[in-house]
Amino acid sequence: MTTIALCQIPVSPDPGANLKRVREALARAEGADLAVFPEATLTRYGRRITELAEPLDGPFVTGLAEAAREHGTAVIAGVFEPGGAGDRVHNTAVAIDADGRLTAAYRKIHLFDSFGARESELVAPGSEPVVTELAGLRVGLVTCYDLRFPELTRALVDRGADLFAVIAAWGSGPLKEEHWVTLVRARALENTMWTVAVGQAPNPAESSDGFGVGRSMLVDPLGVARADLGTAPRVQLVTIDPETTAAARATLPCLEHRVLGVNRS
């Protein structure tokens, strides 16, 4: 059994304020083996991300590592990292173990050039799916718009993932919450995989940009939502059991039934 904290926090443009919120959330998450924070925990989306992006040994990730070590809790959170093509940055999910060691950095592959947004103007895409060992689990990392591409989660399954961790700053709008809930449940069900999905809580002070709908979730391997945090800022501890995965896959062996290389003609 693994205890995971869903840390649904609002995010401001100020990295210092956001790191303080991370520390406060970890204090409320005592007993968790792993705490998952949203995409863009470093700073809220906007033109400023190219100026506020930090290297992985910079003060924000260093602060995350110190907080993880202090609380003995592994951490997943979203940052912006320099090094993209031209003036662009990477939208990066960092994974830090309970000893404060950076175990992985996943650079978001699918950029949100939809619903009138153009993430690719500021962000350069990554290219490699990432699975990392955290809290005794092999965790596959997924960031926001990635959720709409089932081939990514299939690649994570093939790399040995036994949990999906989805981080997001999901955009608001007509039916957008329903898209989020449907996609999280679909990715869990089609892969018979425990799925932790954590989004930014709405931030009333920054509501004009539309990012952050909350609705952080834990979904089990048969697609049942075991937790749904609603929209308010909240930290909730949930527990996952690998025996549930084994039972689901015995009942629904869809991964065994895949037919690879099917012709499209």
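This is a predicted model: local features need pLDDT of at least 70, side-chain atom pairs count only at pLDDT 80 or more; totals for chains, interfaces and linings use all residues.
**Entry 1: asparagine 18**

I started with asparagine 18, which sits in helix 1, the stretch covering residues 15-28. Is asparagine 18 buried or exposed? I found a relative accessible area of 0%, so asparagine 18 is buried. Next I looked up what it touches, skipping residues up to four places away in sequence. The list for asparagine 18 has Pro10, Val11 and Ser12, then Thr41, Leu42 and Thr43, and also Phe60.

**Entry 2: a hairpin**

Then I went to strand 10 (residues 217-219) and strand 11 (residues 225-228). Strand 10 and strand 11 pair in the antiparallel sense, over 3 bridges. Which residue of strand 11 stands opposite methionine 217? I found aspartate 228 there. The hairpin of strand 10 and strand 11 has 5 residues between the strands. In this hairpin I noted glycine 223, with a positive phi near 85 degrees.

**Entry 3: cysteines**

Last, I checked for disulfides. A disulfide is a covalent bond between the sulfur atoms of two cysteines. How many disulfides did I count? The count comes to 0, taking sulfur atoms within 2.5 Å as the cut-off.

Cysteine 7 has 0% relative accessibility, so I wrote it down as buried. Cysteine 254 has 22%, so it goes down as partly exposed, because buried means under 20%.

Note on methods: Residues are numbered from 1 along each chain as its sequence is written. Side-chain values use heavy atoms; hydrogens and water are left out. Helices (H or I, at least four residues) and strands (E, at least two) are DSSP runs, numbered from the N terminus. Buried means under 20% relative accessible area, exposed over 50%, partly exposed in between (1.4 Å probe, protein chains only). Contact means heavy atoms within 4.5 Å. Two strands pair if DSSP finds at least two bridges between them.
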